[in-house]
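Please read the following note with the sequence and the structure open side by side.

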Amino acid sequence: MARQFFVGGNFKMNGTAKSIQDIISNLNDAKLDSGTEVVIAPPALYLLLACENLRKGIEVAAQNVFDKPNGAFTGEISAEQLKDSGVTWTLTGHSERRVIMAEGDDFIARKTKAALDGGLGVILCVGETLEQREGNKTIEIVTNQLKAVAEQTKDWSRVVVAYEPVWAIGTGKVASNEQAQEVHAEIRKWLSSTISKEASDSTRIIYGGSVNEKNCRDLAQQADIDGFLVGGASLKPAFVDIINAKA
């Protein structure tokens with residue numbers, strides 16, 4: 001089954017109204033590979049700006065979502081509110097939230113289910129630390145993170161799995177083509193054995209971790225790498241080159 005290439009841009013806590021409008025204008029004017037699905041995730045304050053100004057065919061993701069539909073949860077945003085505002089995707093499980101905000105696998109799984117139930121697509125981030133990789137625990141850690149979500153939902157049709165080795169995020173270090181492909185293949189194997197053969201064949205598994213315009217084309221050639229979740233480089237004009245990595 002041919003899986004559509006997927007590139008997400010995670011702006012993290014970066015940007016102003018002007019700089020994000022400049023990024024949007026650059027994307028709107030660029031010649032992008034029509035075979036690639038493109039999603040950007042600006043800070044929450046600028047989600048509406050993105051929804052209102054992006055050209056058709058480029059979608060918007062939240063960087064976070066809460067696991068309840070409404071209520072006394074100061075500072076949180078629900079899936080229903082995101083959907084109502086025109087946002088169609090959300091990230092869950094990013095390592096910065098796992099580490100800095102101490103979000104555990106079970107909470108991330110509940111947020112993922114809430115987002116899916118609320119009609120959003122989910123970019124589900126998984127990945128290991130350097131210590132875990134050196135301890136040969138990469139596959140154990142990643143599959144445990146996935147297993148928590150599998151206990152909440154069996155419908156993975158609107159889930160994109162983003163493998164982001166924590167030691168490669170924002171460090172300039174990139175997993176080698178072989179390292180990335182090995183983990184992606186193991187994730188696909190896990191999907192087949194735990195969810196279904198159909199889920200394994202159709203679920204996009206994308207790579208994140210210091211992806212840039214120089215390394216993206218080689219990574220994109222790997223059999224089980226179906227796109228990228230891009231951090232810092234998504235704030236630069238070269239993001240267009242990463243979107244066009246398969247062109």
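1. Arg-188 and Asp-224 are both buried. In this predicted model, the two residues form a salt bridge whose closest N and O atoms are 2.6 Å apart. The pair links distant parts of the chain, since Arg-188 belongs to helix α8 (residues 177-194) and Asp-224 to the loop between α10 and β8, 36 residues apart.

2. Arg-3 forms a salt bridge with Asp-226, and here the closest N and O atoms are 3.0 Å apart. Arg-3 lies in the segment before β1 (5-10), and Asp-226 lies in the loop between α10 (216-220) and β8 (227-230), so the bridge ties together parts that are 223 residues apart in sequence. Are these two residues buried or partly exposed? Arg-3 is partly exposed, with a relative accessible area of 23%, whereas Asp-226 counts as buried at 6% relative accessibility.

3. The side chains of Asp-201 and Lys-197 also meet in a salt bridge, with an N to O distance of 2.8 Å. Both residues lie in helix α9 (residues 197-202), four residues apart, which is about one turn of the helix. Side chains on an α-helix that are three or four places apart point the same way, because the helix has 3.6 residues a turn. Asp-201 counts as partly exposed at 24% relative accessibility, and Lys-197 is exposed, with a relative accessible area of 52%.

4. A search of the whole structure finds 14 salt bridges.

5. Helix α5 (residues 105-117) has 13 residues, and at 1.5 Å a residue it should span 18 Å. Its end C-alpha atoms are 18 Å apart, which agrees with that expectation.

6. Within α5, the residues Ile-108, Ala-109, Lys-111, Thr-112, Ala-114, Ala-115 and Leu-116 are buried. What do the buried residues of α5 pack against? Their partners are the helices α3 (79-84), α4 (95-99) and α7 (138-150), together with the strands β4 (89-92), β5 (121-126) and β6 (159-163).

How values were computed:
Residues are numbered from 1 along each chain as its sequence is written. This is a predicted model: local features need pLDDT of at least 70, side-chain atom pairs count only at pLDDT 80 or more; totals for chains, interfaces and linings use all residues. Side-chain values use heavy atoms; hydrogens and water are left out. A salt bridge is a side-chain nitrogen of Lys or Arg within 4 Å of a carboxyl oxygen of Asp or Glu. Helices (H or I, at least four residues) and strands (E, at least two) are DSSP runs, numbered from the N terminus. Buried means under 20% relative accessible area, exposed over 50%, partly exposed in between (1.4 Å probe, protein chains only). The expected span of a helix is 1.5 Å times one less than its number of residues. Contact means heavy atoms within 4.5 Å.
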